[in-house]
There are 2 protein chains.
Amino acid sequence: MSTRSAEGGERRPRADAARNRARLLAAARELFGERGEEVQLPDVARAAGVGMGTVYRHFPTREALVEAAAEDRFAGILAFARALAGEGGDDPVLGYLHHVGEVLESDRGLSAAIEALRGTPGSAPLGRTRAELEEAVSVLIEQARRAGTVRPDVTVGDVHLLVGAISATVRTGSGPWRRLVDLTVDGLRPRPPAG
Amino acid sequence: MSTRSAEGGERRPRADAARNRARLLAAARELFGERGEEVQLPDVARAAGVGMGTVYRHFPTREALVEAAAEDRFAGILAFARALAGEGGDDPVLGYLHHVGEVLESDRGLSAAIEALRGTPGSAPLGRTRAELEEAVSVLIEQARRAGTVRPDVTVGDVHLLVGAISATVRTGSGPWRRLVDLTVDGLRPRPPAG
DNA sequence: CCGGAATCGGAATCCTGTTCCGTTTTGATG
DNA sequence: CATCAAAACGGAACAGGATTCCGATTCCGG
């Protein structure tokens, strides 16, 4: 009980630890983003100039590293969703899905993270972002509903469902995800604008 | 050149080989259907009462075994599609997607096979079934188009895309696949029948 | 019944994620 | 600045599972 106050206090990490963690994340973001799941832990360790022990000191499991590396992608998507809400456009849900698809396309590790998230109840860092994202998306839906671009019964869960489907499509390269979005979004619309 | 005619002749397999292959397929169908990808090759070998060497004599790779085990599911789906075409209903595409979803739900190994198929250009046994399936589905689409239940621009590729999405949704258990079908199929309809 | 080819079984190998532990680095203290 | 315990490090050892190898066994045409 000398330098730090009471119990819950997270002690500031040692300088080398912080440095290595940062290097690991940088390497992981680069490699996973480029090659996706096929990247092996030893590769990441080597790219970060670090031993395997260090990898596991910072991330309890491979999956955790994948998630951590994807974290700022989620943050980016969240920011986008909020900006979209601010713009007040007519079809924010479509815009959101397109954006998610594009990000997925540009970062092959993100879909891995999305899938990994299924198993995890609430991962510490992402749990919060996830909740905020849910909130932001529901705002988009509400907005779209008012503009008449989505059916009144569409929920946040539905949008998540579609994101999952898009993610799988991009990950497996099983087809043009934009087409999937188009097919589905037309299904989201309450009625054709008659034109 | 004694018992068999010329070059291309496939010689009849030895009795024990045929028996073991059948046992392997039976075991694989049962185990993969029940537990999906998490089943391990040694389990299948044990269940079939066969050694690992035998597994690999018959199937060059785990993936090949998964595919072979799923083969008659594909055949069943093909048969269903043809029957559906025969019935001449109004919305055969919806019926097809529902059926596929149900089969996927009942056999956890099928989605693994579907995904495995992506990598393979033309696997000998499935290549044929795949082509026939494509033909059958295009008949369904044509029929639905005439009935006005799908947009005129919907293609076989679109339906495959949706099947892939459904498969991923079922496999990861990431949500209610029926809802996904509903959302999407509404997107397939040309226009609300005004009523 | 024989002989050789086709199969078989399962141990050995290889590849990867994960764990362990002796060594090194950090930073609070005197 | 020197000291020392705690924290972090590196990389070798381990573990689980797919795949390969090869000596032993089984089939089948003659």
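Visitor: How many residues of chain A are in contact with chain B?
Guide: In this predicted model, 23 residues of chain A are in contact with 23 residues of chain B.

Visitor: Which helices of chain A supply that side?
Guide: Helix 6 (110–119), helix 8 (156–172) and helix 9 (177–188) of chain A each supply at least two residues of the side that touches chain B. The largest share, nine residues, comes from helix 8 of chain A.

Visitor: And how do those residues divide by class?
Guide: On the side of chain A that touches chain B, eight are nonpolar, nine polar and six charged.

Visitor: Why say the copies meet through the same surface?
Guide: Because 100% of the interface residues of chain A are also interface residues in chain B.

Visitor: OK, on to the fold. How many helices and strands are there in chain A?
Guide: Chain A has nine helices and zero strands. Buried residues make up 39% of its 195 residues. As for contacts in chain A with a separation of 6 or more, 69% are between residues 24 or more positions apart.

Visitor: Which residues have the most contacts inside the largest nonpolar core?
Guide: I166(A) and I166(B), in a core of 106 residues. In soluble globular proteins, nonpolar side chains tend to be buried together.

Visitor: What is I166(A) in contact with, leaving aside its neighbours within four places in sequence?
Guide: I166(A) touches L97(A), V100(A), G101(A), L104(A), W177(A), L180(A) and V181(A).

Visitor: Now R130(A). Where does it lie?
Guide: R130(A) is in helix 7 of chain A, residues 124–147.

Visitor: Which helices supply the surface near DNA strand D?
Guide: From chain A, helix 1 (15–35) and helix 3 (52–58), and from chain B, helix 1 (15–35), helix 2 (41–48) and helix 3 (52–58), each supply at least two residues. By class, the surface near DNA strand D has nine nonpolar, nine polar and six charged residues.

Visitor: And which residues are closest to DNA strand C?
Guide: R62(A), N20(B), G51(B), G53(B) and T54(B) are the closest of the 24 residues that surround DNA strand C. Helix 3 of chain B gives the most to the surface near DNA strand C, with four residues.

Visitor: What does UniProt list for residues 18–77 of chain A?
Guide: An unreviewed UniProt entry lists "domain: HTH tetR-type" for them. Over residues 18–77 of chain A, the model is 82% helix and 0% strand, and the end C-alpha atoms are 26 Å apart.

Notes
Residues numbered from 1 in each chain as written. Chains lettered and ligands numbered in written order. Predicted model: local features only at pLDDT ≥ 70, side-chain atom pairs only at ≥ 80, totals over all residues. Nonpolar A, V, L, I, M, F, W, Y, C, P; charged D, E, K, R; others polar. UniProt positions renumbered as here; feature names shortened; annotations may be inferred. Contact = placed C-beta atoms within 7 Å. Core = buried A, V, L, I, M, F, W, Y, C linked by C-beta atoms within 7 Å. Buried ≥ 20, exposed ≤ 12 C-beta atoms within 10 Å, placed from the backbone. Near = placed C-beta within 6 Å.
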